[in-house]
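Trainee: Hi! I'm new to this one, could you walk me through it?

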Amino acid sequence: MTAVNLFIIFLAVLGIYAILMSRIADQMTPSQQGRHLVWFTLEMVVVLAIFIPSPDLLGPDYRFTVSMGQLLFAVDLGPLLLFQGIPGQMLRPLLKWDKLGRFLTSAVLVGFVCSVIMVGWHVPALFETASRNFPIWILKELMLLVSGLLLWWPVDGPLREWRSAYPIQLLYLFLIRVPMVILGAFFTFANILIYTSRSFALEICAPSSISDQQAGGLVMGVVSGFIGLAALTIVFFNWLKESNQADLKRNILKKENSSGVSSKNIFVVALFFVMVLTAIRLFNPDHTSSDIPLTSDPAAGEVLFNQGTIDSAPGCVLCHTIQPNQVKFGPSLADIARTAETRVKGQTAEQYLRSSILDPNAYIPEGFNPNQMYQKYKDVLSDKQVNDLIAYLLSLN
Ligand code: HEC
């Protein structure tokens, strides 16, 4: 599917929107109509931004960060714009199926379905299939888009009748962010590559893929966390405003003097602060994980590689050089950045290097024998040191 095809589809959608709009035109002022149209067009632009940078078009530049940005567009920005673009009157006919609609858009059901869809597509096998197979990728983005619409419905849906009550909205907004923030933190603090599929720029340089994964995780965890907090705040103040207006009306009716702060308001404020505090605690990286290294550092790897000994173990330089074709005791590693991924079928360069350091006998290059290399690096090297060494070896050209 080319960008041109996409463009034609979206023109068609815009046409349908115009027809639906003209049917309810008499229920709105021209300026209201104009506002809806602007929001709806913006929404179309966002949807184009989701579909144009596909793995198909971007190739090896289609990075994890791009994918996470698209996720946020699909799940948050897109639906919020769309709901501004669709006037409640347009969906009024749906009220015929009131019971069904309420059930399908209820916070519990929607929250569950959306979490499953979002987490499900990030299971490595599914994510990698989607990034290699274009129709499946389209399916994934469409499902995320629909799940975004569902996700925001209980809070911001055009049909007010089907929105949840305010206290439920608050709890829902909080809970629904948890899977995304946890996924984000997971990508940011995992010091291994989760998605090793070759379409993710791994061919070019593994260390940059690790930082790509971390950046993507930050986009997902932090940005989505902030969107959640912002939404919580808005809903909270709407609730406060409406409950104050309701109190005011009641007091006028009873001809009573308003006592200022009602106990309900105190409860609302307390609930809100508990949520914000918990959220901050959850989003705080120190809380999730502190001692896992953030990045692999090729320079540190180089220093380590050239050490005569590493603790009690022999250093790499004792047996390896990085001069082409120069065999000391082990093979020259001059070309390893290129050859590593060709060694074992099904292993990426990064996986092969990790295994050849931690479990050297797993694969023996031609002309060498098992047990020649030092066998116990897995007891000597930390995860971080292994990552640094791999980053260094992959930077050799
Ligand atoms: C005692 C000598 C010795 C030491 C020390 C040693 N190696 Fe090796 N290394 C070998 C030999 C011999 C082979 C080939 C046989 C094998 O794979 O076990 C090898 C293989 C490798 C390979 C696979 C090369 C290829 O072409 O597929 C890598 C990568 C590697 N070593 C990295 C390291 C690193 C990194 C260190 C330091 C942490 C290190 N080695 C320390 C002897 C050594």
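Trainee: Where is Gln32 found?
Mentor: Gln32 sits in helix H2. Keep in mind as we go that this is a predicted model.

Trainee: And how does Gln32 count, with its C-beta neighbours inside 10 Å?
Mentor: Gln32 has 13 C-beta neighbours inside 10 Å, so it counts as partly exposed.

Trainee: How far apart are Gln32 and Pro87 in space?
Mentor: Their C-alpha atoms are 9.1 Å apart, while in sequence Gln32 and Pro87 are 55 residues apart.

Trainee: Okay, zooming out. How many helices and strands does the protein have?
Mentor: The secondary structure comes to 18 helices and two strands. Of the 397 residues, 31% count as buried.

Trainee: What share of the contacts with a separation of 6 or more comes from residues 24 or more positions apart?
Mentor: That share is 75%.

Trainee: Now the inside. Which residues have the most contacts inside the largest nonpolar core?
Mentor: Those are Ala74, Leu173, Leu232 and Val235, in a core of 47 residues. Several helices each supply at least two residues of this core, among them helix H2 (30-51), helix H9 (134-156) and helix H11 (206-254).

Trainee: Which helix gives the most to this core?
Mentor: That is H4, with nine residues.

Trainee: What does Val235 touch, not counting residues up to four places away in sequence?
Mentor: Leaving those out, Val235 touches Val155, Tyr166, Gln169, Leu170 and Leu173. There is also a second, separate core of 15 residues, and Cys316, Leu333, Leu389 and Ile390 are included in it.

Trainee: Back to H4 for a moment. Is Leu71 buried or exposed?
Mentor: Leu71, whose place is in helix H4, is buried because 26 other C-beta atoms lie within 10 Å. The cut-off for buried is 20 or more.

Trainee: Which residues does Leu71 touch, not counting those up to four places away in sequence?
Mentor: With those set aside, Leu71 touches Leu144 and Met220. Leu71 and Leu145 are 8.4 Å apart in space, C-alpha to C-alpha, and 74 residues apart in sequence.

Trainee: Let's switch to helix pairs. How are H7 and H10 placed relative to each other, parallel or perpendicular?
Mentor: Their axes come within 10 Å and cross at roughly 10°. H7 and H10 are therefore roughly parallel to each other.

Trainee: Which residues meet there, between H7 and H10?
Mentor: From H7, Ala107, Gly111, Cys114, Ser115, Met118 and Val119 take part, and they meet Ile168, Tyr172, Leu175, Ile176, Pro179, Met180 and Leu183 in H10. By class, the contact of H7 with H10 has eleven nonpolar, two polar and no charged residues.

Trainee: What about the ligand? Which residues around the ligand come nearest?
Mentor: Of the 24 residues around the ligand, the nearest are Cys316, Cys319, Gly330, Gln372 and Met373. The shell has 18 nonpolar, five polar and one charged residues.

Trainee: Which helix gives the most to the shell around the ligand?
Mentor: H16 does, with three residues. Helix H15 (336-343) and helix H16 (349-358) each supply at least two residues of that shell.

Trainee: How many residues of H16 are buried?
Mentor: Seven of its ten residues are buried, and H16 is mostly covered. Among the buried ones in H16 are Glu350, Tyr352 and Arg354.

Trainee: Where is Asn371 found?
Mentor: Asn371 is in the loop between H16 and helix H17 (377-380). With 9 C-beta neighbours inside 10 Å, Asn371 counts as exposed.

Trainee: And what is phi of Asn371 near?
Mentor: Phi of Asn371 is near 65°, a positive value in a residue other than glycine. Most residues other than glycine have a negative phi.

Trainee: Last one. Where does Phe272 lie?
Mentor: Phe272 lies in helix H12 (residues 263-283). Phe272 is partly exposed, with 18 other C-beta atoms within 10 Å. The C-alpha atoms of Phe272 and Leu171 are separated by 9.5 Å, and these residues are 101 residues apart along the chain.

Key:
Residues are numbered from 1 along each chain as its sequence is written. This is a predicted model: local features need pLDDT of at least 70, side-chain atom pairs count only at pLDDT 80 or more; totals for chains, interfaces and linings use all residues. Helices (H or I, at least four residues) and strands (E, at least two) are DSSP runs, numbered from the N terminus. A residue is buried if 20 or more other C-beta atoms lie within 10 Å of its own, exposed if 12 or fewer, and partly exposed in between; C-beta atoms are placed from the backbone. Two residues are in contact if their C-beta atoms, placed from the backbone, lie within 7 Å. A nonpolar core is a set of buried Ala, Val, Leu, Ile, Met, Phe, Trp, Tyr and Cys residues joined through C-beta atoms within 7 Å. Axes are lines fitted to C-alpha atoms, for helices over the stretch in contact, and angles run from 0 to 180 degrees between N-to-C directions. Angles under 35 degrees count as roughly parallel, over 145 as roughly antiparallel, 65 to 115 as roughly perpendicular and the rest as oblique. Ala, Val, Leu, Ile, Met, Phe, Trp, Tyr, Cys and Pro count as nonpolar, Asp, Glu, Lys and Arg as charged, and the others, Gly among them, as polar. A residue is near a molecule or strand if its C-beta atom, placed from the backbone, lies within 6 Å of it.
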